[in-house]
Amino acid sequence: MSKLATTSTAPAVEHAAADHAFTARWVPWSHIGCSGTLLAVLWTTTLWATTCWADVPFQIGGPGVNPAQFVMTTFADDLSFPLGMAALDDGSLLVGVSEGSNFYGATTGQIVRLVDGDGDGVAESRSTVVADVPGGKLTSLRVWNDLVFVTGQAKPISIYRIGENPADAYSLVGSINIAYPSGGGWTHRHSALQVRDTPGTPDSVDLLFQLGSDSNYGATTRTAQLTSSANLGLSATLSGEALHMLTIADDGTELSGVGHVQLASGVRNGAGMAFHPATGDLWFDDNGIDGFVDPNEPTSADELNRIALADIGGAIEDFGFYLNYTEYRTGDVVGGAGVQPIVAFQPYGDPFTGDESEGANDIAFAPPAFPEGLNDGVFIGFHGRASLGGVSNEENPVVFYDLATDSYFHFIGVDQAAIGHLDGVISTYDSLFLADIDPDGSLVDDSAGVIYKIRARTPGDANDDGRVDGLDYLVWAEYFGDDPAEDPPGAPANGDLNFDGVVDGLDYLEWASNFGQGPNDALAVPEPAAALFAWGGLMVVVFSRGRHRHG
């Protein structure tokens, strides 16, 4: 199945603003919560639409999904084949890029740090913290404490240490190499990484990677050899069709290898892995078997699988490849041996005419702050057609699998004009980051890769600055009674803080009950009754936009 991590030849703002007249409006002085003159406050609120909305070339949707509950921005663009991301504790984002105009021909890579200092969802600065990652062709990047693990398809796994300042150059502290047997072949080489704290062992990290099958369909009988830098002292013979785990100790200065275990077998190509943040279970995807007649018409469906925390590192679990799989479109289980998948991804809707999803790559658990129905599940980025993008790529959605309902849907659909391959997926507390490695899909020309950010709106935050304060009250007040459907295209909810389609007193209560939330949490959150009392008793006249149709 087409994906970036498959073979060496086929890979697995415009701001809205409105110009309106001004009329008098009563607002409670006690909840303005900002400094400066009223005129300055007023001027700031008239610019709310220019600070937080940037055009993105896709739409989100699905059962229960309300786009008004999200702020979607182009976080960074003009990146050279971005793939592999990790968020640092200071809020900056690390991303791996591959130098050159041809992803497959890249021989070196870089780690770039992106900073969104003003919190508007757009990184205004970027710096290179590692200038020469060996091998290039970068596909995965993970962070554990102050260590950064990065690799490319069939390239070394390089380990860097972050300095005292995350913006400083990082130092190389170890490397791991995987040598494949002579004679060529081995279609699905390592490309994915994941990390976790070693259970019960302080100052120790478990590093996971996949080693897929050496052909589209058939048993992998050859092995690969793992070696490492002298300080790690790791070596192992690696089976294919497998997930592997290395354990590495870190005393803060020196690294030392502890050992290797194989976690799973019968995995054709597990290109994305993530640990459940609460249970510690390991979830991973697996790419289905390409079609025997038409490679773009799969024989088996891509899968999402799970290994329970208690079973990680125990007996090797067999997931069935190559004789056991779920047939594409029909859903028939062939063979039936091995651990069955949590879900096999069929075309969404009708299995013979619905939108397809092929080439599962990165996965991430949902941001906890996402709205109910989208905060307990897994997001999966699908590569789709190997070197096609836009309306020519009918297989490249971002899928959401809901753990609560055991169902899935296309959160971002296929055939979107300026999307190539949303292969990179990571999440933070309130945001989902998606990396499009090459928007035109080709991967063999000058890349202008893009990272998008989808952030859940803070309850009560009308101007989408991440805070609930007096400025949000002014937005609610000036749009009181308006129909949000008549607001400018791309604008925030304009005071409809409970998303019921009207701007009324219930939205005021939503604002009041969340007042003070956000980066500046020092302000106490008023009880709604107290806020209502202030509204009735402490009024001052300020000027704001009139209540009329917004067109």
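**Notes on the strands, rings and burial**

1. Phe433 sits opposite Lys453 of β30. The two strands concerned are β29 (residues 431-436) and β30 (residues 449-456), which run antiparallel and are joined by six bridges. Strands here are DSSP E runs of at least two residues and helices are H or I runs of at least four, numbered from the N terminus; two strands pair when DSSP finds at least two bridges between them.

2. Before you go further: this is a predicted model, so local features need pLDDT of at least 70 and side-chain atom pairs pLDDT 80 or more, while totals for chains, interfaces and linings use all residues. Numbering starts from 1 along each chain as its sequence is written, and side-chain values use heavy atoms, with hydrogens and water left out.

3. Now zoom out from that strand pair. β29 and β30 belong to an open sheet of four strands, in the order β2-β30-β29-β28, with antiparallel pairing. The edges are taken by β2 and β28 (422-427); each has a single partner strand, so one side of each has no neighbour in the sheet.

4. For the overall make-up, the protein chain has five helices and 31 strands. Of its 551 residues, 56% count as buried (under 20% relative accessible area; over 50% is exposed and anything in between partly exposed, with a 1.4 Å probe and protein chains only).

5. Phe70 and Phe411 make one that is edge-to-face, at 6.3 Å centre to centre and 75 degrees between the planes. Phe70 belongs to strand β2 (residues 70-79) and Phe411 to strand β27 (residues 407-412), so this pair ties together parts 341 residues apart in sequence. Phe70 is buried at 0% relative accessibility, and Phe411 is buried at 1%.

6. Next, look at Phe284 and Phe319. Their ring centres are 5.1 Å apart with the planes at 85 degrees, so the pair is edge-to-face. It connects distant parts of the chain, 35 residues apart: Phe284 is in strand β18 (residues 282-286), and Phe319 is in the loop between β20 (317-318) and β21 (325-326). Phe284 counts as buried, at 0% relative accessibility, and Phe319 is buried too, with a relative accessible area of 4%.

7. Back to Phe70 and Phe411: both are members of one aromatic cluster, together with Phe370, Phe379, Phe400 and Phe409. Elsewhere, you'll find Arg189 over the face of Tyr180, 4.6 Å from the ring centre (the criterion is Lys NZ or Arg CZ within 6 Å of the centre and within 35 degrees of the ring normal).

8. How many residues of helix α3 (residues 470-478) are buried? Nine of its nine are, so this helix is mostly covered.

9. Is Asp168 buried or partly exposed? Asp168 is partly exposed, with a relative accessible area of 37%. This residue lies in the loop between β9 (157-161) and β10 (171-179). Arg113 is 55 residues from Asp168 along the chain, and their C-alpha atoms are separated by 10.0 Å.

Key:
Phe/Tyr/Trp six-rings, centres within 6.5 Å; stacked < 30°, edge-to-face > 60°.
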